[in-house]
Amino acid sequence: MKRRFLIFIGMVFLLSTSALAQPFETTLPLQFNTGDKNDGLPSTVITIQNKQIPIILDTGTIDTDIALSREALEGTQVYFTGKDSCYRSLNRYSCQQHFIVPRAQLGGFIVKNIRGMLMEKFWGSNNRHFKETQASHDGAIGLSLLSQFNLLLDYSHHKMVLVKQGHFPAGYDVKNWTRVPFVNRDGIVTYAKINGKLVTLLWDTGSVPSKIKQYFNFMRDSRVCNKKINYAISNCRYVVANHFSITRQALSPTWFLLDHIPSNIPFDGLIGSNFYEENLVFFDFKNHLIYVLSRE
């Protein structure tokens, strides 16, 4: 009887430690197409059937879980659905075939039945100053897949952390960071105030750098791009958001490149690479909240 009791206690212990060992988060590396700088276009790695594929991290991609090139799909088994879709981004119009990835791995997490689109060319590569990488050639991971988790961006340490919904990342005092709400409207959208002007902003890791429409009062207060803001475009100007807030929550001053954002795009600007470099950002997709901590 004593021996059976000890065996039972041992089984309970094994079951409980197994449950505790289940990961609530996983860390993935981030690389940037700017080389030694970490305020460029971020990429990480996804594993599909033992094939590691570098891939752009793009929270501005909302139509699919993942977009992959034909070369990236070589050696993998995916299932094309026979459907395609057409869309317009900031600078191009294209149509793409749909497929399903049965199983893939993001760090220590397994994801199944991923919705994919065939990517003929990365949509940011039309810019003549775009720096091509293996990741931009292979594809992009979009918001619909990332939002199945919660997401921490830690650019300064070249990493991202995926956290199961309902949890916070270990080692970060997220609950004491500045907290602002967002809405799911064509992406992660917040209603902000920049130097007294109300604007609608999309949080987009695929935007290098942050950008804003060329409104009159922004043009009036803008500055000529300097060497630190190394964007070799004609008539390059930017505006410093010395007073930057969302729902009366003040965020650290940042800057936005003045850009020709088409009038049919349903937002005024994009929060991009320079902001993520200067701040820790945690997206709580379950509760529609963004937590921000300035590095200053």
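Where is the place of Asp138? And what is around it?

Analyst: Quick heads-up: this is a predicted model, so local features need pLDDT of at least 70 and side-chain atom pairs count only at pLDDT 80 or more, while totals for chains, interfaces and linings use all residues. Residues are numbered from 1 along each chain as its sequence is written, and side-chain values use heavy atoms, leaving out hydrogens and water.

Now to your residue. Asp138 sits in helix α3, which covers residues 134-138. Helices are DSSP runs of H or I with at least four residues, strands are runs of E with at least two, and both are numbered from the N terminus. The protein chain has six helices and 24 strands.

Asp138 is buried but has no salt bridge. Buried means under 20% relative accessible area, exposed means over 50%, and partly exposed is in between, using a 1.4 Å probe and protein chains only. A salt bridge needs a side-chain nitrogen of Lys or Arg within 4 Å of a carboxyl oxygen of Asp or Glu. For charges, Lys and Arg are positive, Asp and Glu are negative, and His and the chain ends are not counted. The nearest side chain of opposite charge to Asp138 is Lys51, and that is 6.9 Å away.

So who does touch Asp138? Setting aside neighbours within four places in sequence, Asp138 is in contact with Ile53, Pro54, Ala67, Leu68, Ser69, Ala72 and Met119. Contact here means heavy atoms within 4.5 Å.

For contrast, look at some Asp residues that do have a charged partner. The whole structure has five salt bridges. In one of them, Arg115 pairs with Asp65, with their closest N and O atoms 3.5 Å apart. Arg115 is in strand β8 (residues 109-118) and Asp65 is in the loop between β4 (51-57) and β5 (66-68), so this pair links parts of the chain 50 residues apart. Asp65 is buried at 4% relative accessible area, whereas Arg115 is partly exposed at 39%.

Another salt bridge joins the side chains of Asp154 and Arg295, at 3.2 Å from N to O. Asp154 lies in strand β10 (residues 150-154) and Arg295 in the segment after β24 (289-294), so the two tie together parts 141 residues apart in sequence. Asp154 is buried, with a relative accessible area of 2%, and Arg295 is partly exposed at 33%.
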